[in-house]
Structures are given as C-alpha cells and as structure tokens.
Amino acid sequence: MSTRNWALLGALMVSIIYGVTFTIAKDVMPEFVKPFGFIVLRVGGSALLFWLVALFLKTEKIALNDFPRIIASAFFGVAFNMLTFFEGLSLTSPIMASVIMVTTPMIVLVLSAIIMKEKILKWKAFGIILGLAGTLLLILYGKSVGNAPNAMWGNFLVFVNAVSYGFYLIIVKKLMEKYSAFSFVKWIYLFGFIMVLPFGWKQVQEIEWAIIPTPVYAKILFVVVISTFLTYLLNLLSMKELKPTIVAVFIYLQPFFATLFAIGLGKDQLSLIKVISAAMFFLGIYLVTQKKKTVPDN
C-alpha cells in the first residue's frame with residue numbers, strides 16, 4: 001500500500017475514533033467530571049505520554065523562531081479547540097456536535113485559499129458541497145442522541161471549536177514540513193496544558209474520584225490515550241502526505257460513525273435519511289481526496 005493510502009487510512013481511523021468519542025465523553029460529562037476539568041485531565045495526560053515516548057525517539061531541536069507557531073498551534077489545536085468543544089458537547093447531543101464539526105473542511109478550504117493560496121478545484125468544491133448537503137440533511141431530519149440542556153449555545157461552541165481546529169490545521173502544516181511529529185507535538189501539548197490549567201484546575205479539585213464507577217474510569221482513559229494521544233499522532237502523520245483540506249474533509253465521517261456507535265448502544269435508530277447522508281459523505285470524501293490528473297509529456 002502506498003504512503004498516501006496509509007495516510008488516508010490514518011485519517012479514516014481518526015474519524016472512527018472521534019465518532020465513538022462523542023458518546024463516550026458525553027457519558028463522563030458533566031455528571032462525573034465537568035468539561036474544563038476533563039480537558040485538564042485529557043491534555044495533561046496526553047502531554048505526559050508525548051514526553052515519555054519522545055525520550056525513546058530521536059527528535060530534532062526546535063528553532064527558537066518556530067516557537068511562536070508552536071504556541072499558536074497549542075492555542076488553536078489544543079486549548080481553545082478542546083475547551084470550546086467539551087463545553088459545547090456537555091450542552092448539546094453527541095450526534096449534533098459531530099454534525100456541526102463537519103463545517104471544518106469548508107473553513108479549511110477558505111483559509112487555505114486565503115493563506116496558502118491553494119486553488120479550489122471544481123470537483124473538490126463539489127465534494128465539499130455534497131458532504132455539507134448530507135450534513136444539513138442529517139441536521140434537519142436526523143434524530144439526535146442524548147440530552148441537550150442548552151443545544152443552541154452548545155452548538156455554537158462546537159462551531160467555534162471547528163473554526164479553531166481549521167486554523168490549527170493550517171498553522172501546523174509548516175511544522176510538519178520541517179520536523180518529525182514527536183519533535184514538536186510534545187511542546188504543543190505542554191503549552192496547551194499550561195493554557196487550559198487555569199480554566200479547569202478548580203473543576204479537577206471538585207472531582208469525587210471515590211464515587212466514579214470503573215466503566216467511567218475506562219472512558220476517561222480512552223479519551224486521554226486513544227481519542228487524544230493516538231488521534232493527534234495519526235492526524236500529524238496523515239498531514240505529512242495530505243493537504244489540510246483533505247485531512248479536514250474526513251470530519252464528514254464523524255456524524256456517520258457517531259450515529260453507528262449510538263445505534264449499537266441502542267440510543268438511536270437507523271433511518272433512510274441517515275443512510276442517504278452517509279452515502280453523500282462517502283462520495284464527497286472520494287471527490288475531495290482525488291489527486292489532480294496530469295497530462296504526460298509527449
């Protein structure tokens with residue numbers, strides 16, 4: 001299998017994991033751990049894992065003039081991104097949150113055109129529009145999962161998170177071209193942890209560890225190790241071979257996998273609308289991930 005196909009597979013795995021995470025994280029918040037407290041656990045645990053693994057790998061020294069970009073990546077890709085996402089998720093339903101996240105490819109496409117001067121090809125634009133249409137279909141006619149105490153504000157925060165993540169995908173690309181992933185991601189999470197600590201430390205102190213059931217402990221561990229540590233690695237490795245717009249478009253699959261997982265737990269039902277939406281997601285991703293065909297020289 002080619003390097004590009006491995007990168008595409010990695011991006012697909014990230015979508016599956018994130019799709020599962022919407023429901024798993026919702027089971028933890030806010031009953032056992034409040035959103036900002038959960039972020040401190042998530043970022044702090046992942047930062048520790050990245051630094052421990054980096055001890056056993058050969059990494060490059062980061063140039064001082066690259067630290068402003070690393071700090072910006074930490075803000076948009078870790079701190080602001082995760083704080084708005086978990087707070088929003090605690091107020092809305094998992095499927096609705098995952099659906100709103102699919103605005104990211106549209107955001108990245110616009111940012112790439114403005115910042116990176118990336119040309120928007122016709123079939124890629126059509127693929128994104130098709131995926132967005134599938135998303136709107138799911139929003140208007142799909143059944144939501146879970147309680148949504150303040151869905152409008154929660155949905156807005158999830159959208160803000162999508163914008164933040166779009167900026168991160170653009171900013172971090174330059175670091176990917178210069179360094180190996182473990183050389184800078186440990187710094188991104190260290191700075192990210194410093195940024196989220198003031199917001200979530202009080203909520204961490206409020207956690208009643210003694211009354212948390214074992215399955216909830218397992219879900220917290222899953223979010224830290226799999227949904228954060230592993231997915232960020234897979235995303236970074238994918239971005240070595242793929243443009244930010246292609247990595248971002250895999251977010252279209254998150255509502256599909258979130259729905260499948262919810263159905264598997266008996267929290268939702270399969271419908272024709274969801275099947276049609278899924279087909280539109282897949283076709284949209286196929287169109288966006290196609291490379292431009294070049295005409296061979298005669």
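Predicted model: local features only at pLDDT ≥ 70, side-chain atom pairs only at ≥ 80, totals over all residues.
**Ground rules.** I number residues from 1 along each chain as its sequence is written, and I take side-chain values from heavy atoms, with hydrogens and water left out.

**Confidence.** I looked up pLDDT, the predictor's confidence in each residue from 0 to 100. The chain averages 79, and 73% of the residues score at least 70. Over residues 294-298 the pLDDT stays under 50, and I found zero contacts there beyond four places in sequence; contact means heavy atoms within 4.5 Å.

**Elements.** I found 12 helices and zero strands. Both are DSSP runs numbered from the N terminus (helices H or I, at least four residues; strands E, at least two). Among contacts between residues at least 6 apart in sequence, 93% join residues at least 24 apart.

**Burial.** I noted that 54% of the 298 residues count as buried. Buried is under 20% relative accessible area, exposed is over 50%, and partly exposed is in between (1.4 Å probe, protein chains only).

**Core.** I then looked up the largest nonpolar core, which has 64 residues. Such a core is a set of buried Ala, Val, Leu, Ile, Met, Phe, Trp, Tyr and Cys residues joined through side-chain atoms within 4.5 Å. Phe38, Phe184, Tyr189 and Tyr232 have the most contacts inside it. Helices giving two or more residues to this core include H1 (3-28), H7 (151-178) and H9 (214-241). For Phe184, leaving aside neighbours within four places in sequence, I listed contacts with Ile62, Ile70, Val172, Leu175, Met176, Tyr179 and Leu236.

**Second largest pocket.** Its volume is about 170 Å³, taken as the space filled by probe spheres set on grid points joined across faces, edges and corners. A pocket is an open set of points on a 1 Å grid over the protein atoms alone, where a 1.4 Å probe fits, with protein on both sides within 12 Å along at least five of seven lines; lining residues have an atom within 4 Å of a point. Among the lining residues I noted Phe36, Phe75, Glu87 and Met195. H3 gives the most, with six residues.

**Ala133.** I placed Ala133 in helix H6 (residues 122-141). It counts as partly exposed because its relative accessibility is 32%. Its C-alpha atom is separated by 7.7 Å from that of Met280, 147 residues apart along the chain.
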